[in-house]
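The entries follow the order in which I looked things up.

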Amino acid sequence: MKFLMILIFILSLSLVACGGDGGGSDEETNSESDADSDSDSDGDSDGDSDGDSDTDGDSDSDGDSDSDGDSDGDSDGDSDTDGDSDSDGDSDSDGDSDGDTDTETGGDGDTDADGDSDTGHKTCDNPATLKEAGECMEPPMLIGAAIGKLWGPIDPKCYGESRCLNTASAEHNYVTCENEMKWQVIEPNRGQFDFTEADAIVNWAIGEKMKVKGHTLVWHSQMSEWMNALNADETRAAVENHIVKVMDHYKGKLYSWDVVNEAVETSTNTGDSGAKMRNTVFYQRLGKNYIDEMFQFAHDHDPSVKLYYNDYSIDADNEKFAFVYDMIKGMVDRGVPIDGVGFQMHIGPPNNYKVTGETVSKNMRKLTDLGLEVLISEMDINMCGGQISQDTQLELYHDVVEACVKNSSCSAITFWGIDDPRSWLNNFDEAQCGGSGAEPLLFDGNFGKKETYKRVMAALTGK
């Protein structure tokens, strides 16, 4: 009898052990509400789907540990660079939700259209000015404007108008002289240099803590007439002397130089066909390698400044960009000291109007893949001639600026002027404006912010 009672007691204990909590659907007994939830390294079960523990004890959604051990709902649990897993498990540089690195603002991780990836500039929210939007990016972006003292459709020029200069310094941290550093102003007669006009702008900009880009050392236009009478040896000597004297004068004051400007031409200014080297006095006298020579000479004379090639209508899928790309790639392959390429971005008559944010992004990417910077160097969008509507202008201002923001090697954006009435386009015959109506910039005649300003700011802040 005693033996029977002991046997019954043992059997009852066995039934209790097998009965659990009334029969869940899992094969394992769960201490929390998750499906299988093994406890993590600190003993707390946290509901991951297979119960594997992570490095600090918190399981993520599939149980693989991420590098800081925090659960972030990643679908496959691969770790990213800051320890938070992303939705596809690929490692990305900022731990964002999709994990594929991209060129979009803030680095949301999508791959760009041509298959290359770039985290782009990291943007910030609610800057008060354009320059603040650029300064708080990572990496920072310079926001510039061309300032003129000579010529233009109305008086006074920007340099002589306090409201214009105040707007320029409030909104920008980068300055280009509109005409004052060009050859016919700086060296009107051989060996006679006059820096008066350019010095006024440079000294003002430095006083406002703005960086300055020199524009330009070698350009076929606004050239002093005496250059045309020189032979090859005289031309080389004259160019080298010009570069030495000008760079010496501004040494330590300038951030960068447009060394060579607009060396490529096409059958029309839109860049569509017939791309070739422009038949300038430099090309005629010095030959096809003159650009290499100018960059090397400028670098040897002042290796501290950035050196750029600058051109227009290279912002579309056209023959001119293809030619310029091949030219620049050849320079890089030959070891020519070039830092970057400026996309002038004069959109509308007389230049290219077949521009989209996508074409700008693609062309910039091809150049930055060579290890170069790119920059938007002279942007305005001309509404004369009926090629560009107001809606198109607004769309282009946003999308072109956005293309720069999405490329971390796009280092600067410069607008070619401050206010509409003082734009060079108004009295440039080929712009088809007849004295007014271009409305190409960000500020109106009273220096009020236009809708174009708002679209640019939206793009600079990733909106």
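**Entry 1: Glu 265**

I started with Glu 265, which sits in strand S5. The model I am reading is predicted. Is Glu 265 buried or exposed? Its relative accessible area is 18%, and the cut-off for buried is under 20%, so I put Glu 265 down as buried. I then listed what Glu 265 touches, leaving out residues up to four places away in sequence. The list reads Gly 274, Ala 275, Lys 276, Met 277, Arg 278 and Asn 279.

**Entry 2: the whole chain**

I noted 12 helices and 11 strands. The protein has 463 residues, and 51% of them count as buried. I also looked at contacts between residues at least 6 apart in sequence. Of these contacts, 63% join residues at least 24 apart.

Glu 262 has one, with phi near 55°. I found Glu 262 in the loop between strand S4 (256-261) and strand S5 (264-265). Its relative accessibility is 9%, so I count Glu 262 as buried.

Trp 151 also has a positive phi, near 60°. This residue is in the loop between S1 and H3. Where does Trp 151 fall on the scale of accessibility? I read a relative accessible area of 44% and wrote down partly exposed.

**Entry 3: cis peptide bonds**

I stayed in the loop between strand S1 (142-147) and helix H3 (162-171), where Pro 156 lies. The peptide bond joining Asp 155 and Pro 156 is cis, with omega about -5°. I noted another cis bond, from Pro 349 to Pro 350, where omega is near 5°. Pro 350 belongs to the loop between strand S9 (346-347) and H10.

**Entry 4: helix H3**

I went on to H3 and began at its N-terminal end. Which residue caps that end? I found Glu 161 there, with a side-chain oxygen 2.9 Å from the backbone nitrogen of Arg 163. Within H3, I listed Cys 164, Leu 165, Thr 167, Ala 168, Ser 169 and Glu 171 as buried. What covers them includes helix H2 (130-135), S1, helix H5 (196-207) and helix H12 (451-460).

**Entry 5: Tyr 397**

I picked Tyr 397 in helix H11 (residues 390-405). Its relative accessibility is 0%, so Tyr 397 counts as buried. I checked its contacts, leaving aside neighbours within four places in sequence. They are Met 379, Asp 380, Ile 381, Phe 415, Pro 440, Leu 441, Leu 442, Thr 452 and Val 456. The side chain of Tyr 397 reaches the backbone oxygen of Pro 440 at 2.5 Å. I also noted the C-alpha atoms of Tyr 397 and Arg 455, which are 6.4 Å apart although 58 residues separate them along the chain.

**Entry 6: H11 with H12**

Two packed helices are described by the angle between their axes and the distance between the axes, so I looked up both. The axes of H11 and H12 come within 8 Å and cross at roughly 25°. Angles under 35 degrees count as roughly parallel, and H11 and H12 are therefore roughly parallel to each other. Their crossing is right-handed.

From H11, I listed Gln 393, Leu 394, Glu 395, Tyr 397, His 398, Val 401, Glu 402 and Val 405 in the contact. On the H12 side are Glu 451, Thr 452, Arg 455, Val 456, Ala 458, Ala 459 and Leu 460. By class, the residues of this contact divide into 8 nonpolar, 3 polar and 4 charged.

**Entry 7: H9 with H10**

I finished with helix H9 (residues 319-333) and helix H10 (residues 357-368). How do their axes run? They come within 10 Å and cross at roughly 15°, and H9 and H10 are therefore roughly parallel to each other. I noted a right-handed crossing for H9 and H10. Phe 321, Tyr 325 and Ile 328 of H9 make the contact with Asn 363, Lys 366 and Leu 367 of H10. I sorted this contact by class and wrote down 4 nonpolar, 1 polar and 1 charged residues.

How values were computed
Residues numbered from 1 in each chain as written. Predicted model: local features only at pLDDT ≥ 70, side-chain atom pairs only at ≥ 80, totals over all residues. Heavy atoms only, no water. Axes fitted to C-alpha atoms, helices over the stretch in contact; angles between N-to-C directions. Helix = DSSP H or I, 4+ residues; strand = E, 2+ residues; numbered from the N terminus. Parallel < 35°, antiparallel > 145°, perpendicular 65-115°, else oblique. Left-handed = near helix turned anticlockwise from the far one by under 90°. Contact = heavy atoms within 4.5 Å. Nonpolar A, V, L, I, M, F, W, Y, C, P; charged D, E, K, R; others polar. Buried < 20%, exposed > 50% of the residue type's maximum accessible area, 1.4 Å probe, protein only. Polar contact = N/O pair within 3.5 Å; in protein donor to acceptor, adjacent residues only side chain to side chain.
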